[in-house]
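Here's a quick tour of a protein fold, written for someone who likes to see where the numbers come from. Have a look at the model first.

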Amino acid sequence: MASTNSYGNYMDYTPGSAVAVGDVVVLGSIVAVAPRPIAANELGSVAVEGVFDVAKATGAGTTIAQGDKVWWYTTGSHVVTGSTGVAMGFATEAATADDTSVKVKLVHLS
């Protein structure tokens with residue numbers, strides 16, 4: 001069994017290909033983050049709670065305000081505002097159009 005805790009902060013996961021630290025993993029309607037590397041076809045665990053620095057797009061229209069709900073846009077592999085993608089959580093800090101990442105609190109949104 002993978003490393004888990006009694007608070008439910010982690011979920012077991014066996015990826016088909018290697019996962020690096022910080023990679024975002026979408027499992028159905030759950031967005032998780034890898035806290036450590038997981039080898040392909042090996043049991044590991046992904047975080048389903050916590051605050052993580054995740055990729056965001058840059059350029060016009062990509063600013064994110066603190067507290068904004070965010071979604072993981074799987075096509076571009078980055079966070080977006082609006083309801084495109086899989087609900088991820090909310091921004092714990094603001095991010096400008098030039099920022100390449102934003103801190104996100106994982107929350108299961110509906």
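Accessible areas here come from the Shrake-Rupley method with a 1.4 Å probe. On that basis the surface of the protein is about 6,000 Å², and carbon and sulfur atoms hold 50% of it. Keep in mind that this is a predicted model.

As for the overall build, the protein has 0 helices and 9 strands, so the pattern along the sequence simply reads β-β-β-β-β-β-β-β-β. Its C-alpha atoms fill a box of roughly 45 × 25 × 20 Å along the principal axes. A compact globule of 110 residues would have a radius of gyration near 13 Å, and the protein's 14 Å agrees with that. Buried residues make up 33% of the 110. Among contacts with a separation of 6 or more, 48% link residues 24 or more positions apart.

Now for the sheet: 5 strands form an open one in the order E5-E9-E8-E6-E7, with antiparallel pairing. Strands E5 (51-55) and E7 (78-80) sit at the edges with a single partner strand each, so one side of each has no neighbour in the sheet. On average, neighbouring strands of this sheet are turned by 50° against each other, direction ignored.

| Strand pair | Residues | Bridges |
|---|---|---|
| E2 and E3 | 24-27 and 30-33 | 4 bridges |
| E6 and E8 | 69-73 and 86-91 | 4 bridges |

Elsewhere, Val 70 stands opposite Gly 89 in E8.

Methods:
Residues are numbered from 1 along each chain as its sequence is written. This is a predicted model: local features need pLDDT of at least 70, side-chain atom pairs count only at pLDDT 80 or more; totals for chains, interfaces and linings use all residues. Side-chain values use heavy atoms; hydrogens and water are left out. Two strands pair if DSSP finds at least two bridges between them. Helices (H or I, at least four residues) and strands (E, at least two) are DSSP runs, numbered from the N terminus. Axes are lines fitted to C-alpha atoms, for helices over the stretch in contact, and angles run from 0 to 180 degrees between N-to-C directions. The radius of gyration is taken over C-alpha atoms; the globule rule is 2.2 Å times the number of residues to the power 0.38. Buried means under 20% relative accessible area, exposed over 50%, partly exposed in between (1.4 Å probe, protein chains only). Contact means heavy atoms within 4.5 Å.
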